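Keep the viewer open and click along as you read.

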Amino acid sequence: MVAWTLVVLGTLASKTLECLSYGSTKSALWLSLSDSCGRRYPWRVRIFLWLIFSTQALGAGLDHYAQLVVNDSRATPRDGVRMTYLGTNGYQFEFKGHALLVDPYFSRVDLLSVALGSRIQPDAARINDGLRHLASGNCRTDAILVTHGHFDHLLDVPTVMAKTRARLVTSASSVDLAKRAGASSGEAVKPGDVRRIGPWKIRVLSATHDRLFGKVPFDRPPSEAGLSAEATAKAGPPQRAADWICGEPLAFLIEVNGQRIYIDSGGTPMQLPPNERVDLAILGMALPDSRARLHAALERLHPRYILPSHQDDFFRPLSAGFQFGSLTDFPFVQRECAQQNRSRLILLDYFKPWTLPAAVNPKSQTPNPEDRDHGLHGWH
């Protein structure tokens, strides 16, 4: 999911950047934009953009919520379903030598390149570094699932496919984008499809993308506006952020080792998850639309564990550490999750694996009290 910034930044890409000044510590920043007639943008837009650019100075890190952060200790058994957070909405799931990737994105294109409509491309060094963090013996990556086609979900996928030899499973529009960007293949799926890949059973579900001012960001690239379907199909590789269109958003229900994991990248109250109990619900929480559906989504999923996702500043390099995006509202998420007294809210840090505990009673799917106490002490 691409956050609120993208529609605004996409429309401003051709405008004149009057001033962009950073202090020596980058804690002070002023931004003013104008069009060719010298007319300033409305104060709401200017304040909004200032908030986005100043996120590094104002955003909080995970240290504020250390009691919620979980990761494996050295004594944690390795025979369960192990997951690793890759940043943005990216995850690796591991089970008995098999791995599954979701939305892997390591390049972390900077905001200014997006704002100015500059050409963007995968960062090979950052991708290699991310994959080195994930290297674990003879673990084989079976597939890459992608929720939708925005650059912060799909940009790195062709490169990751080439390095891991994993198959791509995503919507037809995202398969088209990936192939235009250099992917050798891709398996187009739609809601209702089921794929069995290695030990993974993957159900494809409908999803929606969060709206900005009533519109899905980058739903269709400006360069292709007004073109026929045939002409669009012959378009060249995506070069700018706006070329990585959303397409059809998907969610996935992953079943493995008798456990069920639901994952999406956000959404709206108009499309809720299935009314089925899961062990872990990974829910995109970057924008107000996602948060507005949170209560209803949790009422349907009844998860043992809740992992809010897509909350970090995805313009910030992974090496700089986790920082909440300026448009997230984690205190609100905490309050909503607190109403689910049979669910436990957790957070993950970059590249620090955590093994999903087995349910004490699979029918009730209530978290083990010992796991809860253990987790409150950090699970280090």
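Lys-96 sits in the loop between S4 and S5. The model is a predicted one, so what follows is computed from its coordinates. As for solvent, Lys-96 is exposed, with a relative accessible area of 63%. Its backbone is worth a look too: phi is positive, about 50°, although Lys-96 is not a glycine. Most residues other than glycine have a negative phi.

Step along to Gly-97, which is placed in the loop between S4 and strand S5 (98-102). Gly-97 counts as partly exposed because its relative accessibility is 38%, a value that falls between the 20% and 50% cut-offs. Leaving out neighbours within four places in sequence, Gly-97 has contacts with Asn-138, Cys-139 and Arg-140.

Where else does a positive phi turn up in a residue other than glycine? Phe-351 has one, near 60°. Phe-351 belongs to the loop between S15 and strand S16 (354-356). This residue is buried, with a relative accessible area of 16%.

While you're around there, pick out Leu-345, which lies in strand S15 (residues 344-345). Leu-345 has a relative accessible area of 12%, so it is buried. What does Leu-345 touch, once residues up to four places away in sequence are not counted? The list is Leu-68, Ile-306, Pro-308, Phe-330, Gln-334 and Cys-337. Take Ile-306 from that list: it is 39 residues from Leu-345 along the chain, yet their C-alpha atoms are separated by 4.7 Å.

You'll find Thr-88 in the loop between S3 and strand S4 (90-95), and with a relative accessible area of 0%, it is buried. Setting aside its neighbours within four places in sequence, Thr-88 is in contact with Tyr-105, Arg-108, Asp-152, Ser-309, His-310, Asp-312 and Phe-314.

Now for the rings. There are 13 aromatic pairs in the structure. One of them is formed by Tyr-65 and Phe-324, with centres 5.6 Å apart and 80° between the planes, which makes it edge-to-face. Why does this pair tie together parts that are 259 residues apart in sequence? Because Tyr-65 lies in the loop between helix H3 (55-58) and strand S3 (81-87), while Phe-324 lies in the loop between strand S14 (305-309) and helix H12 (330-338). Both Tyr-65 and Phe-324 are buried. For another geometry, look at Phe-314 and Phe-315: the ring centres are 4.6 Å apart and the planes are at 35°, so this pair is tilted. Phe-314 is buried at 4% relative accessible area, and Phe-315 is buried at 12%. Tyr-65 and Phe-324 also belong to one aromatic cluster, together with Tyr-85, Tyr-91, Phe-93, Phe-322, Phe-330 and Tyr-350.

On to the helices. Two packed helices are described by the angle between their axes and the distance between the axes. For helix H5 (residues 124-134) and helix H7 (residues 157-164), the axes come within 11 Å and cross at roughly 50°. That angle makes H5 oblique to H7, and the crossing is right-handed. In the contact, Ile-127, Asn-128 and Leu-131 of H5 meet Thr-159, Val-160, Lys-163 and Thr-164 of H7. Sorted by class, this gives three nonpolar, three polar and one charged residues.

Helix H11 (residues 294-301) packs with H12 at an angle of about 35°, and their axes are 10 Å apart. The crossing of H11 and H12 is right-handed. Here Leu-294, His-295 and Leu-298 of H11 meet Val-333, Glu-336 and Cys-337 of H12. By class, the contact of H11 with H12 has four nonpolar, one polar and one charged residues.

Zoom out to finish. The secondary structure comes to 13 helices and 16 strands. Of the 380 residues in the protein, 54% are buried. Among contacts with a separation of 6 or more, 69% come from residues 24 or more positions apart.

Methods. Residues numbered from 1 in each chain as written. Predicted model: local features only at pLDDT ≥ 70, side-chain atom pairs only at ≥ 80, totals over all residues. Heavy atoms only, no water. Phe/Tyr/Trp six-rings, centres within 6.5 Å; stacked < 30°, edge-to-face > 60°. Helix = DSSP H or I, 4+ residues; strand = E, 2+ residues; numbered from the N terminus. Buried < 20%, exposed > 50% of the residue type's maximum accessible area, 1.4 Å probe, protein only. Axes fitted to C-alpha atoms, helices over the stretch in contact; angles between N-to-C directions. Parallel < 35°, antiparallel > 145°, perpendicular 65-115°, else oblique. Left-handed = near helix turned anticlockwise from the far one by under 90°. Contact = heavy atoms within 4.5 Å. Nonpolar A, V, L, I, M, F, W, Y, C, P; charged D, E, K, R; others polar.
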